[in-house]
Amino acid sequence: MNPRCVLQLVAWFGLLVVGLVVVVQGGRSRLDAQAPVKAEPSLKDLLTRLKPLEPTAALKTFRVEKGFRLELVACEPDVVSPVALAFDADGRLYVAEDIDYPFPPEKGKKPLSRVRLLTDPDEQGRYRRSTVFADGVQWASGIACWQGGVFVAAPPQILYLKDTNGDGQADVRRVVYDGFGTHSAEDIMNNLQWGLDNRIYGAASYNGGDVRPAADPRAVGTSVRNSSFRFDPVTGKFEVIPGTGDFGNCFDDCGNRFVANAGTLLIHPVFPGTYLARNPYLTVSSVLHNAAAGKKLMAQISPPEPWRVVRKQFWERWVNSTPEMRAARFSQAELAERGFVTGGAGCCIYRGTAFPEEFRGNSFTAEPAGNLVVRLKVEPDGVTFRATAVVEDREFLASTDNWFRPVNVANGPDGCLYVCDMYREVIEDPSAIPDDILKIIDVTNGRNRGRIYRIVPEGQRRPEAPALSKASTAELVGKLEHPDSWWRETAQRLLFERQDKTAAELLRKLAVTARLPQTRLHALWSLHGLQALDDATLRQALDDPHPAVREHAIRLAEGRLASKDLRQRVITLAGDAEPRLRFQAALTLGEIADDDAALTALARVLTRDAADRWIPHAVLSSVAAREAALFRMLLQDQRFSDSPAAATCLSQLAALAAARRRPADMAVVLRAVAQPPLADRPEWQRGILLGLADALARAGGSLQEVLADGELKPAAGLFAQLLAEAGKTAADDQQPLAERVSAVRLLRHGRAEAVRQPLAELLVASQPPEVQLAAIQSLGAQRGEAVARLLLDRWPGVSPRCHNEMLEAIFREEARLPLLLDAVGKKVVPLADLGPERRQRLLKHPMAAIRERAERLIGNQATPSRKAVLDRYQEALKLAGDPLRGEKVFAKTCAACHRFGKEGRSVGPDLNSIQNRAPDALLVAILDPNREVPSNYISYTLATKDGRVLTGILAAETAASVTLRRAEGAEDIVLRSQIEELTPSGQSLMPEGLEQQIDIQQTADLLRYLSRQGGP
């Protein structure tokens, strides 16, 4: 064993022994009185500072997959803190050095970060010549080559840098875009990458921002919150596209884009381009598919970092002590010392030929917190992809050196993979590290170090170095046939830059006759970039034997659908056997939705794919204002009617027709509802009318108002009949639960005076919680303070699971809040039930009367001490828990928001990844929910233009709508046109106070259930 490893093991064993005698008391860490040690160990003694290794020594710490070796390409002082790289046409290496990380530049001082230019003068694979290409580049985080220079991600800006005199330093420096967010160093805009469509793509990450072209400071900014973007380097056109990750942005050979998150190694943004922005009334629950959902753990071979061990051990000392240490900072697995995927960074799809064939198309994601690079096999899964571990018990590349911080992976000209290693002692954002620890460690330690590695298959001979800048146009066209993606992409970029029309004829031939489908794709998009793509070539591409070529040909045909021939070919491809082609055809046909043949094709797609998660959204994005016509068309198709998902699709179409508030279209739907074949399917009628009513309510209207039209008397009668039947079904405990809940949901759209009391009568403990919740939601959707009186009168008698939803309903309207304060004053509603976030909303309410009264009632009352609760429940850690009883506790108190095994709802964090967490850590998560909350589970507050106030986690966000999700999976979908304000609360959706529902023994049972190895 390596002597260094032995010393580390000895050191960690000693630390563990010390840790066993430490307990938490009174918010401070003290030694157990029974222990022989009298004094508390200092943090400095516990925080072993790990030393860096020199490059040659560091190479010995790696374990790489069999058949490969690691080569050092560059290291300090030639490169430091590398986070992204790009090879130019001649193989020179531009590197983004984020030296400032994790802090912004000091006020008034020039940023430390910069762009480095590395060259390999003897072409031996080692970049020994280094030049600072440009300094003072804030948070350099991405590079894309263009016209002999580079675009650089430098939040809040994107810069263009170029050397015009050959000295290796940029003498052209131009701001191209400005306005990207800079709140957090971990969430900056990053990873500029060329796409097949001759556009540069980037991940905006989570700092958001309103981006505008720097040349026009008066331009209205474009919001990039939770989005990615692309821009045309020629025209400057900037577009927002769906889906982003923390840090990562890459493509496969077919132009599919992938991103990564801290806890998610590979994510596929399913919708390409800007299609979803076409329909401002379409609500989409998600635009991202977690392709690597099954990969939560990593086979780390490095020891746990000392500061992580100490933070976990003494957590009670620091939690909530500063705003940075509160909810938004910590994921479900963050406090674990090691083993969880918590630092997913740059991702890359391997697209070379140096590796064995089975590696082509695999993803490689850098995981700096685990000191490793993860390989996943990526396979098609319908419209999207599935990424799975190739080997379970080891990773493709790992190091025992905690300083190894891989943050990005890239394909190189030689067909190998290149890894950017920031080489830092600590990679974590300092806001996750307590101040006491920050005083001892140095999060900037190593900013003067950095390495770039090349992963090489054993026995590989070094190929010829590229020299494409001097290649002729014909030679560049020929390079599109290269089997390695870097050569094809670089050749396409150079052809686009040069705009040499003499390439057109060569490209047309290549687009049809090239052996590789990738080559045919590059030829098509190169022709498009030269404005030389003719209909004849496109027609042949639409008939190409490879589905990816046909898919891109459909996209390229969008500006040419006036041609009857091309239009008919696209319509035909809507029936292709490949789901991705049907998906793309459905999106493209939205460009000609006024064509009856196109609408018929969309109907065929929906008939075939009604049950698919993604394809119906593509169809709905394309129907423009013809939802009613498509609705009528589908009703005439028996195959569609036989589909189990038909009712859902019809309801969605009806909702879109209603959202547009076009009386003629709503009349078409409402007349059809009252006639065969729907007349024979009451459950479909109910779903369609409910979809109509919900959509009208979201748009500020009412189905009752629409039905007042005398010409819709049959539909009005049907709706009245359905409401009457719904009232009976809702109250009948002999009916199936799902039928009762659906009936209660429908009642919310009845006249308030007719349905309010029947709904209120369901708010008793003898009713199933699902029925009670649906009744509360239906009451809450009505206007007026009378709703609050009903809910508060029944507060004591409902299931505790319902109290949060009652509060949600009351907080929707300002006029209801005085009644709530009355109930708090009379102790009908316990103060603890309000939770910290709602207490703050009352104490900071814009209305002085509410604010002052809240201050008198609750301002001086201490909230229940989480520390006191945790101290009292420590006994649960000593009791023998029963997992069978714990399963019942989970079902009663947790399943409304969390999934464990196959039980529960996916509202809050999935609990299947916590089975190896210590019981004390689980106890904290249960009883102090605001202590660790992933950023994507923070509660948001949304105010609508008509005065309603809604809360929930931000479950989905598209160009048209925002979806908030709450406990029990309840959702509010709000059109952007109705939003007045949307702000994060910084608090968990899960309220404090679970101890009021479960006693100490039940807690012990729940802990035992959640700790079971292998899951329930």
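Select Leu 480 and display its surroundings: leaving aside residues up to four places away in sequence, Leu 480 touches Arg 488, Ala 491, Gln 492, Leu 495, Leu 507, Leu 510, Thr 519, His 522, Ala 523 and Ser 526, where contact means heavy atoms within 4.5 Å. The model is predicted, with local features requiring pLDDT of at least 70 and side-chain atom pairs counted only at pLDDT 80 or more, while totals for chains, interfaces and linings use all residues. Residues are numbered from 1 along each chain as its sequence is written, and side-chain values use heavy atoms, with hydrogens and water left out.

Leu 480 lies in the loop between helix H7 (473-479) and helix H8 (485-498); helices are DSSP runs (H or I, at least four residues), numbered from the N terminus. Its relative accessibility is 0%, so Leu 480 counts as buried (under 20% relative accessible area, with a 1.4 Å probe and protein chains only). Ala 491 is 11 residues from Leu 480 in sequence, and the C-alpha to C-alpha separation is 6.3 Å.

Next, select helix H11 (residues 535-542) together with helix H12 (residues 547-556). Their axes come within 8 Å and cross at roughly 140°; axes are lines fitted to C-alpha atoms over the stretch in contact, and angles run from 0 to 180 degrees between N-to-C directions. H11 and H12 are therefore oblique to each other, the class left once angles under 35 degrees (roughly parallel), over 145 (roughly antiparallel) and 65 to 115 (roughly perpendicular) are set aside. Show the side chains of Leu 538, Ala 541 and Leu 542 in H11, which make the contact with Val 549, Arg 550, Ala 553, Ile 554 and Leu 556 in H12.

Move on to helix H17 (residues 627-635), which is mostly covered, with seven of its nine residues buried. Colour the buried residues of H17: Glu 627, Ala 628, Ala 629, Leu 630, Phe 631, Leu 634 and Leu 635. They pack against helix H15 (596-609), helix H16 (615-622), helix H18 (638-641), helix H19 (646-659), helix H20 (663-673) and helix H21 (682-698).

Finally, keep H17 and H20 in view. These helices pack at an angle of about 20°, with their axes 9 Å apart, which makes H17 roughly parallel to H20. At this contact, Ala 628, Phe 631, Arg 632 and Leu 635 in H17 meet Asp 665, Val 668, Val 669 and Ala 672 in H20.

Notes: Helices (H or I, at least four residues) and strands (E, at least two) are DSSP runs, numbered from the N terminus. Buried means under 20% relative accessible area, exposed over 50%, partly exposed in between (1.4 Å probe, protein chains only).
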